Amino acid sequence: SEVINQMGMEVRQLLTSAVEIAYFSRGSIQYETVLRMTPLERDIAVQFINKRLEAASKSSFPVY
């Protein structure tokens, strides 16, 4: 059904975001902690990570 497919895509997006946040936080935020975050908290964390990665990519000595 369409609803089940939509929910499946939302779960996949949630888990992908959780993995990315945990990875790019270098262990300072555990995967399980990310899963307990609200959608707004995860969005803010992803925005912060993207901003830091963009700034690092412009540096002559990028740190990922």
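Is I4 buried or exposed? I4 is exposed, at a relative accessible area of 58%. The cut-offs: buried is under 20% relative accessible area, exposed is over 50%, and partly exposed is in between, with a 1.4 Å probe and protein chains only.

Some ground rules. This is a predicted model, so local features need pLDDT of at least 70 and side-chain atom pairs count only at pLDDT 80 or more, while totals for chains, interfaces and linings use all residues. Residues are numbered from 1 along each chain as its sequence is written, and side-chain values use heavy atoms, with hydrogens and water left out.

Back to I4. I4 is in helix α1. Helices here are DSSP runs of H or I, at least four residues, and strands are runs of E, at least two, numbered from the N terminus. From I4 to T38 is 34 residues in sequence and 22 Å in space, C-alpha to C-alpha.

Now the core. Which residues form the largest nonpolar core? There are 6: A18, I21, V34, M37, A45 and I49. Both α1 (2-24) and α3 (39-57) supply at least two residues of this core. By nonpolar core I mean a set of buried Ala, Val, Leu, Ile, Met, Phe, Trp, Tyr and Cys residues, joined through side-chain atoms within 4.5 Å. As background, nonpolar side chains in soluble globular proteins tend to be buried together.

Look at V34. V34 touches A18, I21, A22, I29 and R42, leaving aside residues up to four places away in sequence. Contact means heavy atoms within 4.5 Å.

Next, the helix pair. The axes of α1 and α3 come within 10 Å and cross at roughly 50 degrees. Axes are lines fitted to C-alpha atoms, for helices over the stretch in contact, and angles run from 0 to 180 degrees between N-to-C directions. So α1 and α3 are oblique to each other. Under 35 degrees is roughly parallel, over 145 roughly antiparallel, 65 to 115 roughly perpendicular, and the rest oblique.

Who makes the contact? On α1, L14, E20, I21 and F24; on α3, R42, A45, V46, I49 and L53. That divides into 7 nonpolar, no polar and 2 charged. Ala, Val, Leu, Ile, Met, Phe, Trp, Tyr, Cys and Pro count as nonpolar, Asp, Glu, Lys and Arg as charged, and the others, Gly among them, as polar.

Now some exposed positions. K51 lies in α3 and is exposed at 59%. K51 and G8 are 43 residues apart in sequence and 28 Å apart in space, C-alpha to C-alpha. Q47 also lies in α3, exposed at 53%. Q47 and V34 sit 13 residues apart in sequence and 14 Å apart in space, again C-alpha to C-alpha.

Last, R26. R26 is in the loop between α1 and α2 (31-35). R26 has a positive phi of about 55 degrees, although it is not a glycine. R26 counts as exposed, at 55% relative accessibility.
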